[in-house]
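Please read the following report alongside the sequence and the coordinates.

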Amino acid sequence: MNKNDLIKVMSQKMEDNKNVAEKALAAFMDVIKDEMIKGNKIHLVGFGTFEVTERAEHMGRNPKTGESLLIEASKAPKFKAASALKKAVNGGE
């Protein structure tokens, strides 16, 4: 499913037009992104948690040449599914 498909399905669930669903999705994504940039955790009960994790500086290897290289420390977005979502995906209620 791509973004346009998601907007279409959201508009049907909302019983509203696609423009409203597109604005709702854009607002949701902007809020998640902005909060993660600030380093905040977003916990949606029954769905999951969005958070930022810190990756330490470490040594890596160029797969083409085999040469060792230093990979700088970075931040990475992470999503952890709630148990209710995991259960639903696995056929539970």
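**Domains and their interface**

The model is a predicted one, and the domain assignment of the protein divides it into domain 1, residues 1-38, and domain 2, residues 40-92. The contact between these domains draws on five residues from domain 1 and eight residues from domain 2, while their C-alpha centres lie 23 Å apart. Between them, domain 1 and domain 2 bury about 590 Å², and 73% of this area falls on carbon and sulfur atoms.

On the side of domain 1, Ile32, Glu35 and Met36 account for 78% of the area buried against domain 2, which is more than any other three residues supply. Sorted by class, the residues of domain 1 that touch domain 2 comprise three nonpolar and two charged residues, with no polar ones. The count of residue pairs in polar contact between domain 1 and domain 2 is one, with both residues at pLDDT 80 or more, and zero salt bridges are found across this interface.

**Salt bridges**

| Salt bridge | N to O distance |
|---|---|
| Lys38 and Glu35 | 3.2 Å |
| Glu51 and Lys41 | 3.8 Å |

In the pair of Glu51 and Lys41, whose side chains meet in a salt bridge, Glu51 belongs to strand S2 (residues 48-55) and Lys41 to the loop between H2 and strand S1 (42-44), so the pair ties together parts that are 10 residues apart in sequence. Glu51 is buried because its relative accessible area, 17%, is under 20%, whereas Lys41 counts as exposed at 57% relative accessibility.

In the other pair, Lys38 forms a salt bridge with Glu35; Lys38 counts as exposed, at 59% relative accessibility, and Glu35 is partly exposed, with a relative accessible area of 23%. Glu35 is also one of the three residues, with Ile32 and Met36, that supply 78% of the area domain 1 buries against domain 2.

**Individual residues**

Where does Glu15 lie? Glu15 is placed in the loop that runs between helix H1 (3-14) and helix H2 (18-37). Although Glu15 is not a glycine, its phi is positive, at about 55°. As background to this value, most residues other than glycine have a negative phi. With a relative accessibility of 74%, Glu15 counts as exposed.

When residues up to four places away in sequence are not counted, Ser11 touches Asp16, Asn17, Lys18 and Ala21.

Phe79 has its place in strand S5, which covers residues 74-81, and at 37% relative accessibility this phenylalanine counts as partly exposed. Which residues does Phe79 touch, not counting those up to four places away in sequence? Under that condition, Phe79 touches Phe47, Gly48, Thr49, Phe50 and Leu85. The C-alpha atom of Phe79 is separated by 20 Å from that of Ala24, these two residues being 55 residues apart along the chain.

Definitions and conventions:
Residues are numbered from 1 along each chain as its sequence is written. This is a predicted model: local features need pLDDT of at least 70, side-chain atom pairs count only at pLDDT 80 or more; totals for chains, interfaces and linings use all residues. Side-chain values use heavy atoms; hydrogens and water are left out. Domain bounds come from an automatic or database domain assignment. Contact means heavy atoms within 4.5 Å. Buried area is the accessible area (1.4 Å probe) that two parts lose on being put together, summed over both. A salt bridge is a side-chain nitrogen of Lys or Arg within 4 Å of a carboxyl oxygen of Asp or Glu. A polar contact is a pair of N or O atoms within 3.5 Å; within protein, one must be able to donate a hydrogen and the other to accept it, and residues adjacent in sequence count only if both atoms are side-chain atoms. Ala, Val, Leu, Ile, Met, Phe, Trp, Tyr, Cys and Pro count as nonpolar, Asp, Glu, Lys and Arg as charged, and the others, Gly among them, as polar. Helices (H or I, at least four residues) and strands (E, at least two) are DSSP runs, numbered from the N terminus. Buried means under 20% relative accessible area, exposed over 50%, partly exposed in between (1.4 Å probe, protein chains only).
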